[in-house]
Number of protein chains: 2
Amino acid sequence: MGEDVTRRNFLTIAGAAVGGLAVGAVGGYTLIPPKETIVEVPRDVEVEMPVPEWPWAYPRFDVEAVKVRAYDAYFVSGCAYGAFEGILGELRENVGFPFNTVPSKMMVFGKGGGLGWGTLCGALNGALAAVNLLTSEYGAVGGEIIGEYTETAYPTWKPDETVKTDADLPTSVAGSPLCHVSVTKWCEESGFASGSIERKERCGRLTGEVAGRSAEMLNTLLDGAFVPVFQIPESTTTCNNCHYDTGSVANVHAISDCVQCHGETH
Amino acid sequence: MGEDVTRRNFLTIAGAAVGGLAVGAVGGYTLIPPKETIVEVPRDVEVEMPVPEWPWAYPRFDVEAVKVRAYDAYFVSGCAYGAFEGILGELRENVGFPFNTVPSKMMVFGKGGGLGWGTLCGALNGALAAVNLLTSEYGAVGGEIIGEYTETAYPTWKPDETVKTDADLPTSVAGSPLCHVSVTKWCEESGFASGSIERKERCGRLTGEVAGRSAEMLNTLLDGAFVPVFQIPESTTTCNNCHYDTGSVANVHAISDCVQCHGETH
């Protein structure tokens with residue numbers, strides 16, 4: 001940060017930011033409108049975050065509401081925004097602070113596996129970010145979300161009010177968390193083009209399902225009843241015996257299915 | 001969200017959250033400590049977000065400071081957290097609100113290409129989320145960050161104070177935004193194991209570089225001088241003539257290099 005950024009900037013920006021709020025009581029505090037004077041605070045003062053410590057405690061989710069919200073949000077700004085907004089939007093609307101301080105739009109980039117590059121499925125990216133915001137158990141829950149995704153025949157769920165088509169759609173199992181693999185497998189199974197309204201509808205429903213399952217797991221976690229069941233494919237553990245971090249080859253640091261892309265190479 | 005979540009919860013949570021702040025002036029507003037009474041707000045009142053509209057205006061970055069912060073943060077919670085915190089941490093510390101309302105820990109999941117699954121490089125994931133928070137031009141800037149990543153020989157930068165090793169490290173070009181491809185190519189080029197301290201040091205430096213380049217592009221954007229230069233590989237555009245969305249095959253919705261994984265199949 002350049003030397004030209006001082007607390008004066010901080011106070012000016014902050015003043016502008018909350019300026020849109022009506023004067024009144026927020027969080028029990030009374031907000032008194034700013035005066036013309038800018039208060040200087042010494043630079044070495046530690047600024048405490050005005051939000052709770054991470055992770056942010058959450059209440060029980062209405063899973064169906066999360067699904068529908070994620071599905072609808074998909075058609076606003078894509079899969080990653082959709083899944084993130086499905087979860088965070090529920091919290092923002094029903095709880096408010098601190099969930100209303102994180103703009104869901106920050107996750108739009110995840111669409112199409114990262115701005116269309118076909119890597120991590122955006123629905124996973126958005127859901128994982130939301131889960132990671134809400135629990136220190138993001139590793140166990142997130143691993144289960146990814147693992148389950150690779151084995152699930154999507155889409156199996158349909159909202160009452162669909163956007164692109166109300167048709168029941170063919171399903172496919174991705175075997176991978178990659179957007180590219182997931183979409184192409186579905187196109188090949190279904191015969192629909194990747195640019196078709198059916199493919200978009202499929203990804204919208206999938207976004208609802210991934211967000212919904214994430215919310216469901218978060219609920220189970222609240223009950224102290226979360227038990228992950230996904231097992232890494234045996235082919236991967238076999239390959240990684242030699243290829244992972246400290247094996248005899250040790251040129252891989254990943255747990256995705258090896259055989260899907262590399263085939264049975266030995 | 002269950003019916004048991006009411007505005008009373010919202011106000012209670014909000015009060016608890018800001019309760020840790022010293023009484024004083026923030027953003028020009030005077031904070032008056034909460035009284036014992038809880039103010040009830042009717043449920044149908046629209047709760048305005050207490051942060052600016054997305055995207056959040058940012059000041060010029062000190063690029064070297066972003067690199068060092070991202071590098072150091074990598075060794076706290078991994079690549080995605082590292083890149084995100086490199087950018088957001090600078091803003092939180094030097095500007096404050098609203099950047100101090102988003103916990104960087106929400107991006108930890110991106111490590112190892114998504115909890116170790118080897119998909120989108122976590123440094124990219126974290127940097128893209130930060131960029132997406134700060135500008136509506138996240139598509140152009142983010143596409144350039146990803147594209148440049150695929151063509152860059154990492155690591156080329158080293159901080160003054162290294163964590164794992166001070167050695168100059170071999171470099172490799174990933175040709176892909178995938179963690180798995182990026183790490184394995186480097187292991188093969190360098191001869192170091194994926195579990196080695198050198199590989200971790202390499203990913204730490206790469207995290208610094210990706211965050212730094214993102215900050216540099218954000219600076220250029222502030223100047224109105226951002227011009228993306230990355231071009232999608234010709235092999236990809238050739239394949240996608242038929243395979244993309246509305247082509248004659250139309251079974252692909254991705255722009256990553258096709259030949260790297262699929263070879264010259266026709």
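The model is predicted.

Start with the parts list. Chain A holds 9 helices and 4 strands. Read from the N terminus, the order is α-β-β-α-α-α-α-β-β-α-α-α-α. Chain A has 266 residues, and 54% of them count as buried. Now look at the contacts in chain A between residues at least 6 apart in sequence. Of these, 63% join residues at least 24 apart.

Next, take two helices. Two packed helices are described by the angle between their axes and the distance between the axes. Helix H2 of chain A covers residues 63–77, and helix H7 of chain A covers residues 197–222. They pack at an angle of about 145°, and their axes lie 7 Å apart. The crossing of H2(A) and H7(A) is right-handed.

Which residues make the contact? From H2(A) come Val63(A), Val66(A), Lys67(A), Val68(A), Ala70(A), Tyr71(A), Tyr74(A) and Phe75(A). H7(A) contributes residues including Cys203(A), Gly204(A), Arg205(A), Ala211(A) and Glu216(A). By type, the residues of this contact divide into 10 nonpolar, 4 polar and 4 charged.

Finally, turn to the largest nonpolar core. The core has 127 residues. Six names stand out there: Leu124(A), Ala127(A), Ile145(A), Leu124(B), Ala127(B) and Ile145(B) touch the most other members. Pick Leu124(B) and set aside its neighbours within four places in sequence. In chain B, Leu124(B) is in contact with Ile145(B), Ile146(B), Tyr149(B), Pro177(B) and Val210(B). Leu124(B) also contacts Gly114(A), a residue of chain A.

Note on methods: Residues numbered from 1 in each chain as written. Chains lettered and ligands numbered in written order. Predicted model: local features only at pLDDT ≥ 70, side-chain atom pairs only at ≥ 80, totals over all residues. Helix = DSSP H or I, 4+ residues; strand = E, 2+ residues; numbered from the N terminus. Buried ≥ 20, exposed ≤ 12 C-beta atoms within 10 Å, placed from the backbone. Contact = placed C-beta atoms within 7 Å. Axes fitted to C-alpha atoms, helices over the stretch in contact; angles between N-to-C directions. Left-handed = near helix turned anticlockwise from the far one by under 90°. Nonpolar A, V, L, I, M, F, W, Y, C, P; charged D, E, K, R; others polar. Core = buried A, V, L, I, M, F, W, Y, C linked by C-beta atoms within 7 Å.
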